[in-house]
Amino acid sequence: MDNEKLGTAIVITSGKGGVGKTTTSANIGTGLAILGKSVVILDADIGLRNLDVVMGLENRIVYDIVDVVEGNCRLKQGLIRDKRFEKLYLLPAAQTRDKSAVKPEQMKELVDELKEDFDYIIIDSPAGIEQGFQYSIAGADIAVIVTTPEISAVRDADRVIGILEAKGLNNPKLIINRIRPEMVKRGDMMNRDDIEDILAIGLLGIVPDDEEIVISTNKGEPAVIERKSHAGNAYMNIAKRIIGEEVELLDIESSEEGKFSKILKMLFGK
Amino acid sequence: MKKESITFKGVKEGVYLEIVGSDIKQIKNELKTKMMKSSSFFQGTTFLGVKADELTSEEILEISLVLKYKYDFNLRIDGDFFKEIIKSYQDEETGENLLSDISKEGMTKFLHGTLRSGQIIEYNGNIVVVGDVNPGAILKARGNIIVLGSLKGVAYAGLDGNMDVIVAAYQLLPTQLRIGEIIVRAPDGDVSEYRLPEVAKICNGEIVIEPYLPNK
């Protein structure tokens, strides 16, 4: 086929659990679909699947990633089309199996096949650095590290960046999730610069802590769709940066005050 | 032409095969199709023997050997014991067999407690859960499924295409429901919760869910 797309595979990973990998995967994937890209989000957390619930697609699952890898069904049968966006698909994880069901080579083969039909393949990696993490990164071109502004999450992120680089996945990008501007201002929370100092990788975006995420997760509707929340806007900006648009960090995203107030300060010394 | 028929009968000592008719070729064919459908059903059960009044002893032996070597039956060679068992299940006056074909109805598995996400129960018969089935848990039965609690996971009844089975629960709120070859899911959006037991079955090629009315 001369019309083959050659998509980009992006793995969302963190090392630490509970920092928002699945939420990030769902929102980035949906965001890219809103921007008109064809996207498949792949849940690699076999045995503890969540992405289908967050996307509100749980009741549509017939086959899963293990069925596809083991050849119980064709790849097309395993893909679930999103109920809102036509170009968005989900390949759910198996719930009744464990991480030994998929091998890195099989994952790479699968991702390579998906790249022929999709612009972006978003791989939602499980927590940890064991088997599940190993096969999740096998087919990826780009790694996105999610961390929260806590020393433990940053430490794990640092470890993961090291492993990724050893595996040849260079230049991972960073998302700082659940930042609370007022706490940063008080000096009670690590700010953007503290985290960037330690991790020394490119920043893809900052997502504020937002109640709206809890609501949207429970509704099975990624926050990026309605975009009435700060977090939803932040995720949309991240999706735009992924497709190459230049988007400034939102006020809420920057660590201290907005750029404008900084300039005022410089001018008037206030 | 006379109809040849074979049926597996279950007694508490094990199972046996009852054959009516004498066309050995047709009997073997029928056995083959029957075993294709339900070979795993008999795994691990004790096979008592073949009851066939119209066949020769060589033919009976042949069928026993096929069951033993081809389908891995656990054969118990004890002719007298078998005869006694057969006798005890016959109607004294008419001589008619009182047992039904167990490979049709299937046996029933009882599960006590909550089934949680990731747990899968597959059974070649009916399943009764005395407890809840949480989202992410899967029940697969060749026969019917009854849940004495809330069914929020996935339920497949009639695994081999049987459309005459039902799925019933005290709270029938499955993520997905399959009966025979038909798959349905809950509608998107909020569904008002119905607090009484409901039964799902197939009506005119569609899965319908109706309230369970005890007086009906």
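This is a predicted model: local features need pLDDT of at least 70, side-chain atom pairs count only at pLDDT 80 or more; totals for chains, interfaces and linings use all residues.
B:Glu210 and B:Lys201 form a salt bridge, and their closest N and O atoms sit 3.3 Å apart. How exposed are the two partners? B:Glu210 comes out at 23% relative accessibility, so it counts as partly exposed. B:Lys201 has 29% relative accessibility, so it falls in the partly exposed class as well. Over in chain A, salt bridges that share partners tie A:Lys108, A:Asp112, A:Lys115 and A:Asp141 into one network.

Pairs like these are worth a look because side chains of opposite charge can pair when their charged atoms come close. Across all chains, a search of the whole structure turns up 16 salt bridges. One of them joins the side chains of A:Arg192 and A:Glu196, at 3.0 Å from N to O. Both A:Arg192 and A:Glu196 belong to helix H9 of chain A, and they are four residues apart, about one turn of the helix. A:Arg192 has a relative accessibility of 23%, which means it is classed as partly exposed. Another salt bridge in chain A links the side chains of A:Glu226 and A:Lys228, this time at 4.0 Å from N to O. A:Glu226 is partly exposed, with 48% relative accessible area. A:Lys228 has 56%, and since exposed means over 50%, A:Lys228 counts as exposed.

Stay with helix H9 for a moment and look at what packs on it. Two packed helices are described by the angle between their axes and the distance between the axes. For H7 (residues 151-166) and H9 (residues 192-199), both in chain A, the axes come within 10 Å and cross at roughly 35 degrees. The crossing of H7(A) with H9(A) is right-handed. Which residues make the contact? From H7(A) there are A:Val154, A:Ala157, A:Asp158 and A:Ile161, and they meet A:Ile195, A:Ile198 and A:Leu199 of H9(A). Sorted by type, the residues in the contact of H7(A) with H9(A) are six nonpolar, no polar and one charged.

Chain A has another helix pair to visit. Helix H1 (residues 21-34) and helix H11 (residues 230-242) of chain A have axes that come within 8 Å and cross at roughly 60 degrees. H1(A) and H11(A) also make a right-handed crossing. On the H1(A) side you'll find A:Thr23, A:Thr24, A:Asn27, A:Ile28, A:Gly31, A:Leu32 and A:Ile34, in contact with A:Tyr235, A:Met236, A:Ile238, A:Ala239 and A:Ile242 of H11(A). That contact between H1(A) and H11(A) splits into eight nonpolar residues, four polar and no charged.

Now back to chain B. Of the 216 residues in chain B, 44% are buried. Looking at contacts in chain B with a separation of 6 or more, 37% come from residues 24 or more positions apart.

B:Arg195 lies in the loop between strand S13 (182-185) and strand S14 (198-203). With a relative accessibility of 62%, B:Arg195 is exposed. Setting aside neighbours within four places in sequence, B:Arg195 is in contact with B:Tyr170 and B:Gln171.

B:Gly118 sits in the loop between strand S5 (107-112) and strand S6 (120-123) of chain B. Is B:Gly118 buried or exposed? Its relative accessibility is 19%, and because buried means under 20%, B:Gly118 counts as buried. Leaving out residues up to four places away in sequence, B:Gly118 touches B:Gly136 and B:Ala137, plus A:Gln95 and A:Thr96 from the other chain.

That last pair of contacts takes us to where the chains meet. The size of an interface is often given as the accessible area lost when the parts come together. Chain A and chain B bury about 900 Å² between them, and 46% of it is on carbon and sulfur atoms. A:Asn59, A:Gln95 and A:Thr96 provide 53% of the area chain A buries against chain B, more than any other three residues. Eight residues of chain A and 14 residues of chain B take part in the contact. How many salt bridges run between chain A and chain B? The count is zero.

Terms used: Residues are numbered from 1 along each chain as its sequence is written. Chains are lettered from A and ligands numbered from 1 in the order in which they are written. Side-chain values use heavy atoms; hydrogens and water are left out. Axes are lines fitted to C-alpha atoms, for helices over the stretch in contact, and angles run from 0 to 180 degrees between N-to-C directions. Helices (H or I, at least four residues) and strands (E, at least two) are DSSP runs, numbered from the N terminus. A crossing is left-handed if the near helix is turned anticlockwise from the far one by less than a right angle, and right-handed if clockwise. Contact means heavy atoms within 4.5 Å. Ala, Val, Leu, Ile, Met, Phe, Trp, Tyr, Cys and Pro count as nonpolar, Asp, Glu, Lys and Arg as charged, and the others, Gly among them, as polar. Buried means under 20% relative accessible area, exposed over 50%, partly exposed in between (1.4 Å probe, protein chains only). Buried area is the accessible area (1.4 Å probe) that two parts lose on being put together, summed over both.
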